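Here is my note on the model you asked me to look over. The points are numbered so that they can be taken up one at a time.

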Amino acid sequence: MDLLEYQGKLLFARHGVPVPTGSPATSLEQAVAAADEIGYPCVIKAQVLIGGRGKAGGIKVARDRDEAESHARAILGMDIRGFTVHEVWIEAASDIAEEYYASIVFDRSAKKPLVLLSKEGGVEIEEVAQRDPSLIAQVHVDPLIGFQDFHARRLAFEAGLDADLVRPVGALLAKLYEAFVREEALLVEVNPLIVTGERAVLALDAKVTLDENSLFRHPDNAELRNLSAEDPQEQMAKERGLTYVSLDGDIGILGNGAGLVMSTLDVVAQAGGAPANFLDAGGGSKAEAITSAVEVILNNPNVKAVLFNIFGGITRCDEVAHGLIEAFGSLEVKVPFVVRLDGTNDVEGRKLLADADLPNVYTEATMLGAAQRVVELAR
Amino acid sequence: MAVLVDTDTRLCVSGITGREGTFHALNNRSYGTQVVSGVTPGKGGQDVDGIPVFNTFHDAVIETGANTAMVFVPPRFAADSILEAEDAGVRLIIAITEGIPAHDELRVYNHLASRQSVRLIGPNCPGILSPGKANVGIIPASFFKEGKVGVVSRSGTLTYQIGNELAQRGFGNSSIVGIGGDPVPGSSFIDVLALFEADPETELIVMSGEIGGSAEEEAAEYIASSVTKPVVAYIAGFTAPEGKTMGHAGAIVSGVAGTAAGKAAALEGKGIRVGRTPTEVAEIAAEIAGSLG
């Protein structure tokens, strides 16, 4: 779960990571009031989960009230690469002398948090890594002992910081690590981490990804969902407890098990089709879950045909057939379905479908055959 | 022979009194696995269809000689249960639970890594099946028979699909090991490849990976340097968009890292054949088996 910049900054602030004073706003009035409160000059920043906000005109400095009003009016409602701006963050303008980079990533390969620090901030860190990896200092932290002072010193010296910055940057990293662990983040990134003219250090941006599996321990964070940025089908699926990802194509896909669904998307693409979604109905799917899934898939107006690819383990094929039959009873279905049922109770499932004789529903014996058939039908 | 679970397995099921725990414990027992005990705090002294239930793993190990644990408890209790099993002396822990917080997994992994000779399979995995010997987990055993192909996979149902395609070409399996779809699996492809390499019954290995992380790339290096048996690979997620979690918590492409194309290229770069569909994996396996005679 990705947080908006201001949500990340407020989370940082809870753990003592220094951030500029600021306030979020969803309306013009709120934005101007916030700007007045913070004082001028201030910065008005579009809050969307996509990079390139500055280039798109979503970040502006306001020197007075009039500017604050005109910038906020322009930014609220603006479209930035397909994301509508519903919220802005207004913060005190900072006196930037240096732009550094700091982050903590969940290193899956080493199975340890990895802390990165570089003097090359304000640009894409991938570019820096490509240009000269030695510009990025890196330290793995043993999660059983946590971030120690020596980690901070090593990072600061290896990154080549000036002597007077070793302590304040080290302190900021320690607090950032605390935020990473306590909030159970998968990523915290500060780019840029700035040094002001008065040699203070400050997180000028915040990118935070939280672990959705840990939200039961963080009810406040669970509230932070940025639903306005989510796609309508994904939102609908989430409400129904389904694992769904929207894609660009026109073939609706349902399967059981994440790996099998990913594989189904690939096989459909190889057969010349374009999947409209990823939908994992999960292990042991009951009829109601299937009916509900069909509703989500058909809610996407681009869908021209639907493929069910089920390999029953815990999932029973007869339950899947029941679910599909119920869906046809309660929904107006205008597109063809191709159904492949294999595994637990497949004979019963196929018989149920044959007896129901649903219009425009075709059964196929193999995954490959089913993929080819659905691609033909979508043409 | 088989790997990890066999007729010597003495299984203790954590969460045995829950609906899923009971169902699969009994299912594993009816397959022939020795399910010797279960653990549910507060329900010690009860039994599940004759399987004694204990309050703690320590009691279960002392009273029933359990050497393998299967963890079926909900995510918020799972890390604790894994650590308890290790503390009680269990040396093979299979965690089926899906949805364990990543930081819990990180602590568990690093703690177990500091201990001697304890192995965790999963979490978020379907378990391990050694056909004809033992089934620990939720793999539908009826689709698999004894044979010479070892299978290691990050996914459940996709493994059944591939296993089924192999079975249709007459292949059986030494063992099928699901290592799970989470970002911090207790055992990696490399760990299981090493077991299959050492297992005399296994003649061919099928490895089924997916997007996210770099475990497949690391496996490619390892296979090239340390595996003499033929390996056929499969990678799911060629069509997955960047930045989206595809069902498994670990299945996510971040920037240019963790793509299916990158993984397939890393494997093929080391001379390992990668099937583009589950069907093609079975075809390649058949071709290799034919050339082995």
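**Notes on the predicted model**

1. In this predicted model, helix 5 of chain A, spanning residues 149–159, has as its buried residues His151(A), Ala152(A), Leu155(A), Ala156(A) and Ala159(A). Viewed down the axis of helix 5 of chain A, these buried residues fall within an arc of 125°, and they therefore line one face of the helix. The face turned away from that buried side carries the exposed residues Asp149(A) and Phe150(A).

2. As for the surroundings of this helix, the buried residues of helix 5 of chain A pack against strand 8 (112–118), strand 9 (136–140) and helix 6 (163–182) of chain A. Helix 5 of chain A is followed by Gly160(A), which has a positive phi, near 80°.

3. The domain assignment divides chain A into domain 1 (21–92), domain 2 (96–222) and domain 3 (230–378). Between domain 1 and domain 3 of chain A, the C-alpha centres lie 43 Å apart.

4. An open sheet of chain A is formed by four strands in the order 1-6-2-3, with antiparallel pairing. Strand 1 (22–25) and strand 3 (59–62) of chain A stand at the edges with a single partner strand each, so that one side of each is left without a neighbour in the sheet. On average, and with direction ignored, neighbouring strands of this sheet are turned by 20° against each other.

5. Within the sheet, strand 2 (residues 42–46) of chain A is joined to strand 3 of chain A by four bridges, the two strands running antiparallel. Ile44(A) stands opposite Lys60(A), which belongs to strand 3 of chain A.

6. Helix 1 (residues 5–14) of chain A lies across strand 1, strand 2 and strand 6 (88–92) of chain A, and runs at about 145° to strand 1 of chain A. Helix 3 (residues 65–75) of chain A lies across strand 2, strand 3 and strand 6 of chain A, running at about 5° to strand 2 of chain A.

7. The contact between the chains takes 43 residues from chain A and 47 residues from chain B. On the side of chain A that touches chain B, at least two residues each are supplied by strand 13 (243–246), helix 9 (258–270), strand 15 (277–280), strand 17 (337–343) and helix 13 (367–378) of chain A. Helix 9 of chain A gives the most to this side, with eleven residues. By residue class, the side of chain A that touches chain B divides into 21 nonpolar, twelve polar and ten charged residues.

Note on methods. Residues are numbered from 1 along each chain as its sequence is written. Chains are lettered from A and ligands numbered from 1 in the order in which they are written. This is a predicted model: local features need pLDDT of at least 70, side-chain atom pairs count only at pLDDT 80 or more; totals for chains, interfaces and linings use all residues. A residue is buried if 20 or more other C-beta atoms lie within 10 Å of its own, exposed if 12 or fewer, and partly exposed in between; C-beta atoms are placed from the backbone. The arc is that of the directions from the helix axis to the C-beta atoms. Two residues are in contact if their C-beta atoms, placed from the backbone, lie within 7 Å. Domain bounds come from an automatic or database domain assignment. Ala, Val, Leu, Ile, Met, Phe, Trp, Tyr, Cys and Pro count as nonpolar, Asp, Glu, Lys and Arg as charged, and the others, Gly among them, as polar. Two strands pair if DSSP finds at least two bridges between them. Axes are lines fitted to C-alpha atoms, for helices over the stretch in contact, and angles run from 0 to 180 degrees between N-to-C directions.
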